[in-house]
Amino acid sequence: MLIHNATFMVAPERGAEFIDWFVPLARKAGPEGKCRVSVMRQAGGTAATDGQALSVAFQAEFETMDEIGVWTGKRLRPLVAAFERRFAPEAMVFTSVFEVIE
């Protein structure tokens with residue numbers, strides 16, 4: 001199984017607005033029953049605070065890289081474009097793909 005991770009980061013003062021806006025859209029964009037949204041609460045042993053950017057991970061499960069490519073083009077890219085229109089320039093997103101070790 002492959003996990004596509006997109007981490008969205010926003011300015012701390014827009015964190016609540018972002019979560020309210022993003023979570024429903026992410027759930028619609030993700031493969032049904034195979035995605036999750038989570039908020040970073042600690043990194044490197046240090047608690048995330050109000051002064052730091054809010055980091056939200058949007059993870060979706062797939063069987064192949066081809067499935068990821070199709071999903072990215074149809075669902076993720078439009079979501080990222082909407083995110084950038086609304087929250088840039090104090091926002092960013094980066095992506096990665098992980099393979100689950102059985």
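Predicted model: local features only at pLDDT ≥ 70, side-chain atom pairs only at ≥ 80, totals over all residues.
The bend at a residue is the angle between two fitted axes, one for the seven residues ending there and one for the seven starting there.

**Entry 1: the bend.** I looked along H1 for a kink. H1 bends by about 30 degrees at Phe 22. A proline, Pro 24, follows within four residues.

**Entry 2: the span.** I checked the length of H1, residues 15-29. At 1.5 Å a residue, its 15 residues should span 21 Å. The end C-alpha atoms are 20 Å apart, which agrees.

**Entry 3: the buried face.** Which residues of H1 are buried? I listed Gly 15, Phe 18, Trp 21, Phe 22, Val 23, Ala 26 and Ala 29. Residues three or four places apart in an α-helix point the same way, because there are 3.6 residues a turn. I then looked up what the buried residues of H1 pack against. Their partners are strands S1 (2-10), S2 (35-39) and S5 (54-62), and helix H2 (65-87).

**Entry 4: the sheet.** I traced the strand order next. The sheet is open, with 4 strands in the order S2-S5-S1-S6 and antiparallel pairing. S2 and S6 (91-99) stand at the edges with a single partner strand each, so one side of each has no neighbour in the sheet. From one strand to the next, the twist averages 15 degrees.

**Entry 5: one pair.** I followed S1 and S5, which pair in the antiparallel sense over 9 bridges. Asn 5 has Gln 59 in S5 as its bridge partner.

**Entry 6: helices on the sheet.** H1 packs on the sheet and touches S1, S2 and S5. The direction of H1 makes about 5 degrees with that of S5. H2 lies across S1, S5 and S6. I noted that H2 runs at about 5 degrees to S1.

Terms used. Residues numbered from 1 in each chain as written. Heavy atoms only, no water. Helix = DSSP H or I, 4+ residues; strand = E, 2+ residues; numbered from the N terminus. Expected span 1.5 Å × (residues − 1). Buried < 20%, exposed > 50% of the residue type's maximum accessible area, 1.4 Å probe, protein only. Contact = heavy atoms within 4.5 Å. Pairing = 2+ DSSP bridges. Axes fitted to C-alpha atoms, helices over the stretch in contact; angles between N-to-C directions.
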